[in-house]
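Please look through the structure below before turning to the numbered points.

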Amino acid sequence: MASMIMASSKPVITVVASSSKPKHQKIPQLSLPKIPTPKFLKIQQVPTLKSISLLTLTSLSFAPPSLAAEIEKAALFDFNLTLPIMMVQFLLLMFALDKVYFTPLGKFMDERDSAIKEKLSSVKDTSEEVKQLEEQANSIMRAARAEISAALNKMKKETQLEVEQKLAEGRKKVEAELQEALANLENQKEETIKSLDSQIAALSQDIVKKVLPL
Amino acid sequence: MNGISCSINALNGLYDISGVEVGQHFYWQIGGFQVHAQVLITSWVVIAILLGSAIIAVRNPQTIPTAGQNFFEYVLEFIRDVSKTQIGEEYGPWVPFIGTMFLFIFVSNWSGALLPWKIIQLPHGELAAPTNDINTTVALALLTSVAYFYAGLSKKGLGYFSKYIQPTPILLPINILEDFTKPLSLSFRLFGNILADELVVVVLVSLVPSVVPIPVMFLGLFTSGIQALIFATLAAAYIGESMEGHH
């Protein structure tokens with residue numbers, strides 16, 4: 001595989017290099033690895049890097065040929081101290097983000113998940129609780145209804161008694177008045193009878209005197 | 001002939017305006033070594049964005065998440081999902097590595113596409129996504145290599161190296177070669193995609209400054225996201241591969 005790629009890329013390099021002779025002298029100036037990079041990187045990349053940077057250089061200078069001189073050497077594959085600094089920065093960022101983001105928020109989310117699960121699993125128990133509560137409510141309602149009906153009955157009885165008492169009182173009063181009136185009438189009758197008796201005696205004497213002249 | 005020189009002049013003007021700068025760096029000297037300052041500056045901005053937003057959103061977690069916390073929870077679940085599918089049940093300890101890999105590459109790529117870096121003028125070179133520098137991508141790829149070696153060795157001890165002669169010892173060279181091709185392909189894929197994407201946008205903007213580059217910019221956003229996902233997924237896959245048992 002690798003040899004095939006190399007084989008296919010070689011002619012391109014030679015063609016490009018031969019087609020741009022004047023720039024060929026510039027190539028050594030391309031600042032490729034300046035600081036010692038890991039060995040394997042160097043061995044692997046130097047040929048390909050050179051060809052790629054060469055390609056970009058030639059393609060950039062291809063459109064306006066007169067500008068080629070103005071364009072600076074393009075250091076696309078310029079490895080230097082930036083690489084280890086970026087590594088250290090990344091590791092620091094990783095630890096910092098772990099401290100402020102991944103661990104605290106992850107822990108928080110897990111705890112919330114488990115709490116929600118717990119609550120969900122305890123829902124079955126609450127359904128029984130709900131039944132109990134409903135029964136309790138029903139019994140309370142029944143008791144209240146009974147109490148209310150008892151109170152109502154009691155009140156009804158009381159009022160009935162009162163009404164009867166008052167009725168009886170009224171009746172007594174009426175009877176007493178009736179009696180009195182009757183007694184009065186009797187008195188008056190007797191009086192009139194008495195007065196009539198005395199008048200009858202006088203009248204009979206008058207009649208006797210007139211009929212039997214002495 | 002005249003026409004050609006005319007067009008060359010026009011192109012010259014365009015080049016002055018667009019200022020396509022490829023492979024030019026703003027160098028700092030640190031103890032006799034050179035570093036690419038533009039890469040470091042943009043990576044600091046990316047790190048600041050990541051840490052700042054994470055701290056603000058996760059500072060005080062609520063049982064019913066707020067908008068920011070919800071987003072970060074979604075991202076964390078996404079990362080966990082990726083790690084779990086690639087690594088398997090023992091994905092827990094690798095979530096920070098995979099997650100940081102994904103977030104750093106993703107925010108780097110999108111910062112190159114969305115943040116107006118070009119406003120800030122540098123003495124030389126220009127600010128762009130940190131991932132369009134080969135140093136960054138190779139650093140991340142090498143860390144991935146270290147990570148999967150560490151995963152395999154810590155899981156199986158020296159028995160890890162028996163995978164090189166499986167299924168047959170004939171494949172030994174290919175298996176060894178894989179250890180070099182993995183970081184190489186990881187780093188060059190990311191580097192090439194991001195650099196090419198930015199170049200396409202810059203060249204299109206220099207040629208047709210309005211409307212036309214917009215679809216390409218959206219394509220760039222899409223590609224950037226995909227590249228971050230691919231890098232993180234492959235890193236997780238390599239780690240999972242070195243941890244799984246060989247039958």
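1. Leaving aside its neighbours within four places in sequence, which residues is A:V100 in contact with? In this predicted model, A:V100 is in contact with B:L51, B:A54, B:I55 and B:V58, where contact means heavy atoms within 4.5 Å. A:V100 belongs to helix α4 (residues 82-121) of chain A. Its relative accessibility is 26%, so A:V100 counts as partly exposed; the term lies between buried, under 20% relative accessible area, and exposed, over 50% (1.4 Å probe, protein chains only).

2. Some conventions apply throughout. Residues are numbered from 1 along each chain as its sequence is written, while chains are lettered from A and ligands numbered from 1 in the order in which they are written. As this is a predicted model, local features need pLDDT of at least 70 and side-chain atom pairs count only at pLDDT 80 or more, whereas totals for chains, interfaces and linings use all residues; side-chain values use heavy atoms, with hydrogens and water left out.

3. The confidence scores deserve attention. The model has an ipTM of 0.85 and a pTM of 0.63. pLDDT is the predictor's confidence in each residue, from 0 to 100. Chain A has a mean pLDDT of 75, with 65% of its residues at 70 or more. Chain B averages 84, and 90% of the residues score at least 70.

4. Which helix of chain A has the lowest confidence, and which the highest? The lowest is in helix α1 (residues 2-19) of chain A, at a mean of 42, and the highest in helix α5 (residues 123-211) of chain A, at 91. Over residues 1-33 of chain A, pLDDT stays under 50, and the model has 28 contacts beyond four places in sequence for them. Residues 60-70 of chain A also stay under 50, with 14 such contacts. Where pLDDT is low, the predicted coordinates should not be read in detail.

5. Chain A holds five helices and zero strands; chain B has seven helices and two strands, in the order α-β-β-α-α-α-α-α-α. Helices (H or I, at least four residues) and strands (E, at least two) are DSSP runs, numbered from the N terminus. Of the 214 residues of chain A, 22% count as buried; of the 247 residues of chain B, 44% do.

6. The accessible surface, calculated by the Shrake-Rupley method with a 1.4 Å probe, comes to about 16400 Å² for chain A, with 64% belonging to carbon and sulfur atoms. For chain B the surface is about 12200 Å², and 70% of it belongs to carbon and sulfur atoms.

7. How do helices of the two chains pack, and at what angle? The axes of α4(A) and helix α2 (residues 37-58) of chain B are 10 Å apart, at an angle of about 5°. The two helices are therefore roughly parallel to each other, a term for angles under 35 degrees. By class, their contact has 17 nonpolar, three polar and no charged residues. Ala, Val, Leu, Ile, Met, Phe, Trp, Tyr, Cys and Pro count as nonpolar, Asp, Glu, Lys and Arg as charged, and the others, Gly among them, as polar. The residues of α4(A) that take part include A:L93, A:L97 and A:V100, and those of α2(B) include B:W44, B:I47 and B:L51.

8. Is B:V35 buried or exposed? B:V35, in strand β2 (residues 33-36) of chain B, counts as buried because its relative accessibility is 0%. Its contacts beyond four places in sequence include A:L81, A:I85, B:F26 and B:L40. B:F26 lies in the loop between α1 and β1 (27-30) of chain B and is likewise buried, at 16% relative accessibility. Besides B:V35, the residues that B:F26 touches include B:H36, B:L122 and B:P123.

9. A final point concerns the backbone. Most residues other than glycine have a negative phi. Phi of B:V211, however, is near 60°, a positive value. B:V211 is found in the loop between α6 (172-207) and α7 (213-243) of chain B, and is exposed, with a relative accessible area of 63%.

Note on methods:
Axes fitted to C-alpha atoms, helices over the stretch in contact; angles between N-to-C directions. Parallel < 35°, antiparallel > 145°, perpendicular 65-115°, else oblique.
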